[in-house]
Amino acid sequence: MNIDELTIGQAKALAGMFAPAAPATQPIDCKMIGKYVIVRCRDAGVHAGVLESYSGRECVLTESRRMWYWKPADGQKYLSGLAIAGADEASKIGVALPRIFLTENCEIIECSAKAEGSIRGAKADEN
């Protein structure tokens, strides 16, 4: 094959051999972008905030609060209960950060309106 005599089709086929692979399908429904969520990370603990973006096991939250100690309200259990019923008064929640980049995400859970209001309205634990 003489490179100077390639047709456009042959040049496209050759270029396609060196194109980057298509991005992997994201495990999260993209309808969660812009929603208030709870994110559990392997090393960084649990955070709540608005999901700005995600890629693989990384995400960016805005209006983020670290959940130092969380206890779901209304007798609920687990993080899913926190995302449904919100935080009990015994929970310890940090101050809101404008933006945080989280890695090694294990799960991202969309919050109910009740849970969002509970977490946003919780008194910031200063300790």
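The buried residues of helix 2 are covered by elements that include strand 1 (36-41), strand 2 (45-55), strand 3, strand 6 (105-110) and helix 3 (113-121). Helices here are DSSP runs of H or I with at least four residues, and strands are runs of E with at least two, numbered from the N terminus. Contact means heavy atoms within 4.5 Å.

Please note that this is a predicted model, in which local features need pLDDT of at least 70 and side-chain atom pairs count only at pLDDT 80 or more, while totals for chains, interfaces and linings use all residues. Residues are numbered from 1 along each chain as its sequence is written, and side-chain values use heavy atoms, with hydrogens and water left out.

Helix 2 itself spans residues 78-85, and its buried residues are Leu79, Gly81, Leu82, Ala83 and Ala85. Buried means under 20% relative accessible area, exposed over 50%, and partly exposed in between, with a 1.4 Å probe and protein chains only. After helix 2 comes Gly86, which has a positive phi, near 90°.

I turn now to strand 3. This strand covers residues 58-69 and contains Ser64. Ser64 counts as buried because its relative accessibility is 0%. Beyond its neighbours within four places in sequence, Ser64 contacts His47, Ala48, Gly49, Val95, Ala96, Leu97 and Ile100.

Finally, the cysteines. The structure has zero disulfides, a disulfide being a pair of cysteine sulfur atoms within 2.5 Å. For Cys41, which is in no disulfide, the nearest cysteine sulfur belongs to Cys59, 6.2 Å away. Cys41 has a relative accessible area of 5% and is therefore buried. Cys111, at 10% relative accessibility, also counts as buried.
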